[in-house]
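Hi everyone, thanks for coming. I'd like to walk you through one model today, so please have a look at it with me.

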Amino acid sequence: MAGEARVRLDDPGAIAALTHPVRWKLLNYLMSSGPATASQGAHAIGDTPSNCSYHLRTLAKYGWVEAEGSSDARERPWRALVTGFSLERPADPDSPLGRNAAALLAMTIQQDQQEVLDAAARFPSLDRPWQDATEHSTYTLRMTAAELADLTGRLDALIRPYIAATREERPDGSALVHLGLHAFPRKPDPAMPEQ
């Protein structure tokens with residue numbers, strides 16, 4: 001897939017459709033690995049081909065994937081039409097948009113945490129260069145909202161050239177890498193005075 005095709009999620013129904021973990025995993029698989037059949041997708045995410053086929057049709061309904069032509073209609077490859085999402089920040093958290101956005105955020109965080117746990121279990125079996133390159137760091141920063149927005153924007157600009165869905169070349173020795181970034185204000189400590 002050439003170029004970015006980021007979608008702004010602002011339709012409550014479309015957001016609700018993405019909150020299903022199988023759909024989320026399938027779409028991420030297609031975005032990062034390229035076209036695949038339902039059977040290939042099922043193998044990659046640990047599900048059944050018939051279930052993946054159903055979820056691929058749902059993703060197609062919202063324009064996120066499409067089936068490619070194939071001589072065998074049962075084993076047609078599907079390809080992602082998007083490379084990523086940005087989530088509308090609803091003014092009313094109790095609106096359908098607000099509730100579905102919160103559900104999607106919760107599901108993606110849960111998926112991200114599971115990937116981290118799976119990676120930790122695999123860590124001892126990684127080749128040494130991949131062990132050395134693997135990182136898990138946490139920081140507690142003191143920042144203003146503007147500083148945090150600036151920092152995450154600069155990090156995004158550094159990361160964006162490596163996004164699998166848009167990176168044309170596949171250097172020798174490269175692999176798909178999961179990189180998660182969470183940045184949010186901590187709950188205030190009542191014992192500490194506000195600055």
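Let me begin with a question: is Arg79 buried, partly exposed or exposed? Arg79 counts as partly exposed, because its relative accessibility is 30%. The cut-offs here are under 20% relative accessible area for buried and over 50% for exposed, with partly exposed in between, using a 1.4 Å probe and protein chains only.

A word on the model before we go on. It is a predicted one, where local features need pLDDT of at least 70 and side-chain atom pairs count only at pLDDT 80 or more, while totals for chains, interfaces and linings use all residues. Residues are numbered from 1 along each chain as its sequence is written, and side-chain values use heavy atoms, with hydrogens and water left out.

Now the overall picture. The protein chain has seven helices and four strands; these are DSSP runs numbered from the N terminus, H or I of at least four residues for helices and E of at least two for strands. Along the sequence the order is β-α-α-α-α-β-β-β-α-α-α. The C-alpha atoms fill a box of roughly 70 × 50 × 30 Å along the principal axes. Of the 195 residues, 24% count as buried. Among contacts (heavy atoms within 4.5 Å) with a separation of 6 or more, 65% come from residues 24 or more positions apart.

Back to Arg79, then. Its side chain meets that of Glu68 in a salt bridge, 3.8 Å from N to O. By salt bridge I mean a side-chain nitrogen of Lys or Arg within 4 Å of a carboxyl oxygen of Asp or Glu. Arg79 sits in strand β3 (residues 78–80) and Glu68 in the loop between β2 (65–67) and β3, 11 residues apart. Glu68 is partly exposed as well, because its relative accessible area is 27%.

The whole structure holds seven salt bridges, and some of them join up. Glu4, Asp156 and Arg160 are linked in a network. Glu4 pairs with Arg160 at 2.6 Å between the closest N and O atoms. That pair links distant parts of the chain, with Glu4 in the segment before β1 (6–9) and Arg160 in the segment after α7 (145–159), 156 residues apart. Asp156 also bridges to Arg160, at 2.7 Å. As for accessibility, Glu4 is partly exposed at 42%, and Asp156 is partly exposed at 35%.

Asp112 has no salt bridge, and the nearest side chain of opposite charge, Arg122, is 11 Å away. For that search Lys and Arg count as positive and Asp and Glu as negative, while His and the chain ends are not counted. What Asp112 does have is a side-chain polar contact with the side chain of His178, at 2.4 Å. A polar contact is a pair of N or O atoms within 3.5 Å; within protein, one must be able to donate a hydrogen and the other to accept it, and residues adjacent in sequence count only if both atoms are side-chain atoms. Leaving out residues up to four places away in sequence, Asp112 touches His178, Gly180 and His182.

That's my tour, and I'm happy to take questions.
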